[in-house]
Amino acid sequence: MTDLLERSLKKAFIDNKIDGSKYDPKIIINQPKVNEFLLTTLQDEISQCEDFFFTVAFITQSGLNALKTFLYDLDKQGVRGRILTSTYLNFNHPEVFESLLKIPNLEVKISDKVGFHSKGYLFKQKDYYSFIVGSSNLTMNALKKNYEWNVRLTSYESGALIQQIHNHMEEEWEKAQTLTPAWITHYAVNYKPMINTQTTLPEVEENTPDYIVANKMQREALDNLKELRETGATRGLVISATGTGKTYLAALDVLNFNPKRMLFIVHREQILLKAKESFQKILGGSNNDYGVLSGSSKELEVKYLFTTVQMMSKPEYYEKFDKDYFDYVLIDEVHKAGAKSYRDIIDYFEPQFLLGMTATPDRTDDFNIFELFDYQIAYEIRLQDALDEDLLCPFYYFGVTDYEQGGRLIDEVTSLQKLVAEERVNYLIDKIDYYGCSHNIPKGLIFCSRKDEAKELAKLFNNKGYPSECLTGEDSIAYREKVIQQLEMGEINYIFTVDVFNEGIDIPKINQVVMLRNTQSSIIFIQQLGRGLRKDKSKEFVTIIDFIGNYKNNYMIPMALSGNPSRNKDNMRKDTYDVNYISGLSAINFEEIAKERIFEAISNSKLDSLKELRESYFNLKYRLNRVPYLQDFVKYNWLDPLIFNSNYKNYYDFLVKIKENEATISDLDERYLTEFTREFLSGLRRHEILVIQALLEKSVLTRSEVVELFQKNNILCDNETTDSVLRILSSEYFMANSLKIYTDAQFISFEEDKISRTTNFENALGNNYFRVLLDDLIKTSQLLNSKYDSYAIFTPYQKYRRKDAIRLLNWEKEQNPQNVGGYIYKDNKFIIFVTLNKGDDFTGALVAYEDKLIESNKMLWYTKSPRTINSPEVKEIIENKQLQIYVFANRDRSEKDFYYLGKAKPIPDSIEQVEKEASNKKMQSIVQMELIFDKEIEYKLYQFLK
C-alpha cells in the first residue's frame with residue numbers, strides 16, 4: 001500500500017501522468033448528467049469504514065436519510081461514529097435532532113462555537129484515513145444537487161495533516177454538549193429559524209387562485225393534444241406518472257377545446273367530487289354547469305358531467321343520451337378499459353374527441369390500450385422524467401429486511417399468526433420509527449398482503465400507541481372518506497389496506513408509505529409508491545419503507561425502481577447495488593441483507609421464459625401497432641435483445657414459436673441468422689458487422705476496401721484483426737460444435753485479395769423477409785456497440801463471454817468454452833476468468849478455488865490443480881515479460897458473462913505453491929498469486945463484485 005499512496009500523492013501534486021489508485025486526492029463536484037455526486041462518495045466511504053467522525057454545521061432529515069441504511073448495516077457490524085454539529089443560524093430543525101437520537105450507533109454533540117460553519121467528514125478505514133472537506137453540509141441539496149466543491153484526501157495515521165485534523169476535531173468534541181432528549185425539548189421551545197431551512201412545496205389543491213398556470217409537462221401535453229386534433233385525430237392518450245397533474249391537464253385541455261358538453265368518467269366514486277372541484281377551478285362558470293351521476297346523485301342536465309364507469313355503463317343511463325351528446329369524453333385510469341363496462345361506454349358514444357389518461361398503459365391482460373386510442377400518444381412522462389422535472393415530491397426508498405424468526409424470513413406462505421406476532425409488530429415499529437418521515441409525525445399508508453393481516457395489524461398498532469385504521473374493499477365510500485380525513489387531520493397515523501389505494505385515491509399529505517407485501521408486479525409497485533409522491537406544503541419528502549421478505553418476486557423491485565425492464569439478471573443486480581439512476585433529490589437504499597434477498601430472487605427467477613417474453617413482446621407490439629423487431633426493444637428501452645439467445649436460436653425462431661413471423665425462410669437462411677445472433681449481435685466489435693453490411697450493397701470486396709472500411713469507421717484495422725474477421729466470416733475460425741450449427745452458412749469466401757459473398761448467402765439475400773431480419777440484426781448490433789470503445793480490444797467493465805474474449809484477441813481457431821475453464825493462454829496472451837462467489841455447494845471443480853478481490857486494484861488468484869511452480873502456465877507468467885494478462889470476473893455461477901476488469905501483472909513475491917484438499921479428500925498442489933491491475937477497478941463495480 002505504501003507504494004500506492006506515494007504514487008497517488010505524486011500523481012496529485014507532481015505528475016498527473018502517473019497511474020492513480022483509490023488513494024488519489026480528488027475534487028468532488030455534483031454532476032447529475034453523469035450521475036456523480038458527493039453523496040455517492042460519502043456512502044462508499046461510510047460503507048467500508050471502521051469508524052467515522054463528521055463535523056457539519058447544517059443537517060437536514062433528507063441528508064440524514066441518505067445514510068440511514070449504511071448506518072444500520074454498520075451498527076450490525078459493531079461500528080460506531082460521531083457527529084459534531086451546531087445551532088448556528090438556527091438552521092437545524094428540532095426534528096433533525098430527534099432523528100439523530102434514533103440512530104443507536106451514533107453519538108452526537110452540539111458545539112457552542114460562535115459561527116460554527118465547518119463541513120468535514122473523517123473516516124478511519126482498514127489501513128488508512130480518508131477525509132472529505134469542502135462546502136457541503138449534510139443536506140440532500142448539498143450532497144446531490146447544489147454546485148459544491150469538496151476535496152477527498154487520504155493519509156496514514158502518522159501523517160501530519162490527518163493528525164492536525166483529528167486533534168482539532170477531538171478538541172472541539174470535548175468542548176461540545178452531548179445531545180439528549182432534554183436538550184432537544186429546551187431547543188424546541190426557543191427555536192426560531194433565522195433562515196428558511198425547509199423546502200416549501202406548493203399545495204395547489206388547497207389554494208383557490210383566479211387562474212392556474214400549467215407546469216412544463218402540462219404545457220407540452222396541451223400543445224401535443226392541439227396538434228393531434230389539427231391532424232384530424234379523434235382520440236388521444238396521455239401517459240403520466242401519478243402526481244404530475246393529470247386532472248388539471250385534462251381540465252386545461254377541455255378549456256382549450258371549449259366543448260358544448262363534456263363527460264368525465266372515473267372508476268371510483270371517491271374521485272368524482274375532487275375532479276369536479278379541479279375542473280371548476282380551471283373552467284369557471286356557474287355551479288349549475290357541473291353535475292355528478294353516481295349512486296347518490298343523478299344530475300344529468302349539465303354542461304360538465306362527472307360519473308363513475310359503474311353507473312354510466314348501465315344501458316338505462318347511457319341510452320338517456322344521444323351518441324353525439326357529449327363532444328368531449330374523458331376517461332381516467334383508462335388502462336382498465338379492457339373491461340366490458342368501459343367498452344360499452346366507448347362503443348356507444350361518438351364524441352368529437354376522446355381523451356384517455358393513465359400512469360400504467362402496459363398491461364398483463366392482453367388488452368391493447370394503444371389500439372383503442374388509434375396509437376395516438378399525445379404525451380408520455382414516466383416516474384424518472386417527472387422527478388427530473390421536479391413535478392413530484394422527492395422520495396427516500398428504504399429496502400429493509402423483514403422479520404426473521406428461527407432463521408426463517410417472512411415469505412408468501414407465512415401464517416397469519418406469525419405475521420401479527422408481537423415480536424414482528426415490535427420489529428416493524430422499530431424499523432418504521434428508525435427510518436421515520438418528514439417532520440417525524442407519520443401520515444402513512446401501510447399495504448398488506450391479506451385483509452385479515454391488515455385488520456389485525458391496525459389493532460396492534462393502536463395498542464402500541466400509533467392510532468390506525470384499516471380500509472378494505474368491503475368498506476363504504478363514506479367510511480373511506482371519513483378515515484382519509486382522519487389521516488389528513490392528524491387524528492390517526494396510519495391506514496392499513498390491501499389494494500384499495502393502489503390507484504385513483506389522492507391523499508397529498510401522505511408522508512410515509514410502508515410495504516408489507518410481496519411485489520406482485522412492477523405496475524402495482526409503482527402505483528403504491530406513487531401514493532405519496534404528490535407535492536404538498538405539509539412535507540418535504542415521502543419515505544417509502546419496503547419490508548423485503550423471502551419472496552420469489554423480489555426481483556421485480558429493481559425493475560420497478562430503475563424503470564429498466566431489460567430482464568438482464570446482472571443488470572438487475574447492479575440496479576440493486578448502484579442506484580444512482582434515480583433522479584433529483586430522491587434516493588434509493590437497501591440494507592445489505594435485503595440486497596441479498598433480491599439477488600437470490602433474481603438468480604432463481606425465470607426471466608427468459610416464454611410467458612415473460614411473450615407478454616413483453618405483445619406490450620410493445622400494442623404500442624407500435626406492428627411486429628416489433630430487436631432494434632425496437634433497444635430504442636424503447638424495453639427488453640435486452642440478447643435475452644432471446646437463452647432459449648431460441650434467433651429472433652425469427654421466437655417469432656415462429658409465438659406465431660408472429662410475417663413470412664418464412666429456409667433452414668439454411670435461418671442458420672445465417674443464428675450465426676449472426678450468437679456471434680455478432682452483442683456488438684462487441686463492429687468489424688464483422690460492417691463487412692456484412694457492405695456485402696449487402698456489393699457482392700465482391702477487396703482486402704484493401706475492407707481495411708479502408710475499418711479506417712473510415714475509426715476502428716482497429718491491423719492485419720491480425722482483418723485476418724481474424726475474414727476467418728470468422730468464412731467459418732474457418734469455427735470448430736466442430738459451432739460448425740454443426742452454422743453448416744453451409746459462410747458469409748464470405750476469399751482468395752488472396754478477393755472477398756465474395758458465398759452462393760448460399762447470395763441465395764438467402766433473395767428472400768426479402770430474410771433481408772428484413774438480417775437488417776434488423778445489423779442495426780441492433782450497431783445500437784448495442786455504442787457502449788464499447790472502438791479503439792480498444794476490450795472495454796473496461798463491459799461484459800464478455802469466454803468465447804468473445806478469445807475471438808476478440810484474434811486467435812486463429814475457436815476454443816470450446818468448457819475446455820477453457822478458468823484460464824487459457826497463447827501467443828503472449830493470457831486470459832483469466834474468475835467466478836468470485838462460487839457458492840457453498842460448489843462441485844464444479846476438483847478443488848474449491850478461493851479467488852477473490854483483495855482491494856480495488858488487487859486480486860488473489862489460483863491456478864488449476866494439480867499445478868506446481870514448474871507447470872507451463874506458471875512458468876509463462878513468471879518468465880514471459882511480454883505476456884499480456886487480461887482478467888475477467890463475474891459475481892456468481894448463475895452468470896454466463898464476465899466483466900472485463902483490465903490488464904494485470906503478478907506480484908512476484910506473492911507467487912506460492914500450496915496444498916489444497918480436493919473433492920476426493922486428497923491433497924492437491926496448486927499455485928496462488930496476487931495480481932495487481934494496471935488501473936483501479938471502478939469502485940461501484942468493485943463493491944458489487946465483492
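Mentor: What follows is a short tour of some strands, a hairpin turn and a surface patch.

Trainee: Before we start, what kind of model is this?
Mentor: This is a predicted model.

Trainee: Okay, strands then. How many strands form the open sheet with S1 in it, and in what order?
Mentor: There are 8 strands, ordered S1-S7-S6-S5-S2-S3-S4-S8, and the pairing is mixed.

Trainee: Which ones are the edge strands?
Mentor: Strand S1 (26-28) and strand S8 (177-178), each of which pairs on one side only.

Trainee: And inside that order, how do S3 and S4 run, parallel or antiparallel?
Mentor: Strand S3 (residues 81-86) and strand S4 (residues 106-111) run parallel, joined by 6 bridges. If you want a pair to click on, Ile83 has Val108 in S4 as its bridge partner.

Trainee: Let's switch to S10. Is strand S10 mostly covered or open?
Mentor: Mostly covered: 5 of the 5 residues in strand S10 (residues 262-266) are buried.

Trainee: Which residues sit on which side of S10?
Mentor: Met262, Phe264 and Val266 are on one side, with Leu263 and Ile265 on the other, and all of them are buried, so both faces are covered. As a rule, side chains in a regular strand alternate between the two faces of the sheet.

Trainee: Which strands does S10 pair with?
Mentor: S10 runs parallel to strand S13 (residues 304-308), with 5 bridges joining them. S10 also pairs in the parallel sense with strand S14 (residues 328-331), over 4 bridges. For landmarks, Val266 has Thr308 in S13 as its bridge partner, while Met262 has Tyr328 in S14.

Trainee: New topic: why is S31 said to be largely enclosed?
Mentor: Because 8 of the 9 residues of strand S31 (residues 829-837) are buried, it is largely enclosed by the rest of the structure.

Trainee: And what are the partners of S31?
Mentor: Strand S30 (residues 823-826) is joined to S31 by 4 bridges, and the two run antiparallel. Tyr823 stands opposite Ile832 in S31. S31 also pairs with strand S34 (residues 884-892) in the parallel sense, over 8 bridges. There, Val834 has Ala889 in S34 as its bridge partner.

Trainee: How many residues are in the turn between S30 and S31?
Mentor: The two strands form a hairpin with 2 residues between them.

Trainee: How exposed are Asp827 and Asn828?
Mentor: Asp827 is exposed, with a relative accessible area of 56%. Asn828 is partly exposed, at 35%.

Trainee: Where is the cis peptide bond?
Mentor: From Ser865 to Pro866, with omega near -5°. Pro866 sits in the loop between strand S33 (858-862) and helix H37 (872-879).

Trainee: Last one: which residues form the negative surface patch?
Mentor: Glu220, Asp223, Glu227 and Glu230. Glu220 is found in helix H9 (residues 216-230), and Glu220 is partly exposed, with a relative accessible area of 33%.

Technical notes: Residues numbered from 1 in each chain as written. Predicted model: local features only at pLDDT ≥ 70, side-chain atom pairs only at ≥ 80, totals over all residues. Heavy atoms only, no water. Patch = residues over 30% accessible without salt bridge, like charges linked within 9 Å, V, L, I, M, F, W, Y side chains within 5 Å. Areas by Shrake-Rupley, 256 points an atom, 1.4 Å probe, with all protein chains shown as cover. Salt bridge = Lys/Arg side-chain N within 4 Å of Asp/Glu carboxyl O. Lys, Arg positive; Asp, Glu negative; His and termini not counted. Charge placed at Lys NZ, Arg CZ, Asp CG, Glu CD. Buried < 20%, exposed > 50% of the residue type's maximum accessible area, 1.4 Å probe, protein only. Pairing = 2+ DSSP bridges.
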